[in-house]
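Begin with its aromatic pairing, then turn to the overall fold and to some individual residues.

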Amino acid sequence: AQCLVGSEMCIRDRYGVTHEELIGPRRNANIAKARHIAIYLAIEMCEMTTTAVGAEFGNRNHSTVSTSYKKVQKMIQEDRTVTEDLKSLRDKITLRS
């Protein structure tokens, strides 16, 4: 869970969202993108299952988490800035842990 806390702090700083927005139901573009990235990094860096990640993000279903993960994979292919954001976030998370 420590990995998740560190990654969430980095996500909140980078995208200007609150903890409540990350785990809540709102779907505006900035919050949704931050949530997708947070879920992606939780799976990639924290070695969590989709079920465990879903529990941490407002009790989302594992299939919702899986969809978020796939959306980020698609974003990586289509938008280089997402790749750069992920690298920067990974570096910051690694420094915090």
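A search of the whole structure finds one aromatic pair, where rings of Phe, Tyr and Trp (its six-membered ring) count as paired if their centres lie within 6.5 Å. The partners are Tyr40 and Tyr69, which are stacked at 4.9 Å centre to centre with 20 degrees between the planes; planes under 30 degrees apart count as stacked, those over 60 as edge-to-face and the rest as tilted. The pair links distant parts of the chain, since Tyr40 belongs to helix α3 (residues 29-46) and Tyr69 to helix α5 (residues 62-78), 29 residues apart.

This is a predicted model, in which local features need pLDDT of at least 70 and side-chain atom pairs count only at pLDDT 80 or more, while totals for chains, interfaces and linings use all residues. Residues are numbered from 1 along each chain as its sequence is written, and side-chain values use heavy atoms, with hydrogens and water left out.

**The aromatic pair and its surroundings**

- Val65, which lies in helix α5, is 25 residues from Tyr40 in sequence and 8.4 Å from Tyr40 in space, C-alpha to C-alpha.
- Val65 counts as buried at 0% relative accessibility, and, leaving aside neighbours within four places in sequence, Val65 is in contact (heavy atoms within 4.5 Å) with Ile39, Ile43, Thr50, Val53, Gly54 and Arg60.

**Overall fold**

- The secondary structure of the chain comes to six helices and zero strands, with helices (H or I, at least four residues) and strands (E, at least two) taken as DSSP runs and numbered from the N terminus.
- The radius of gyration, taken over C-alpha atoms, is 12 Å, close to the 13 Å that the globule rule gives for 97 residues, so the chain is as compact as a globular protein of that length; the rule itself is 2.2 Å times the number of residues to the power 0.38.
- Along its principal axes, the C-alpha trace of the chain spans about 30 × 30 × 25 Å.
- Among contacts between residues at least 6 apart in sequence, 58% join residues at least 24 apart.

**Surface and charge**

- Buried residues make up 39% of the 97 residues in the chain.
- The chain exposes about 5,800 Å², of which carbon and sulfur atoms supply 50%, with accessible areas coming from the Shrake-Rupley method with a 1.4 Å probe.
- There are 15 positive and 12 negative side chains, and the centres of the two sets lie 4 Å apart; Lys and Arg count as positive and Asp and Glu as negative, whereas His and the chain ends are not counted.

- Arg60, placed in the loop between α4 and α5, counts as buried at 17% relative accessibility.
- Leaving aside neighbours within four places in sequence, Arg60 is in contact with Leu22, Ile23, Gly24, Pro25, Arg35, Gly54, Ala55 and Val65.

**Other individual residues**

- Glu47 has a positive phi of about 50 degrees although it is not a glycine, and Glu47 is exposed, with a relative accessible area of 73%.
- Ser7, found in helix α1 (residues 2-15), is buried with a relative accessible area of 2%, and its contacts, apart from neighbours within four places in sequence, are with Cys46 and Ile93.
- Lys92 has its place in helix α6 (residues 80-96) and counts as partly exposed at 44% relative accessibility.
- Lys92 and Leu4 are 88 residues apart in sequence and 13 Å apart in space, C-alpha to C-alpha.

Notes. Buried means under 20% relative accessible area, exposed over 50%, partly exposed in between (1.4 Å probe, protein chains only). The place of a charge is taken as NZ of Lys, CZ of Arg, CG of Asp or CD of Glu.
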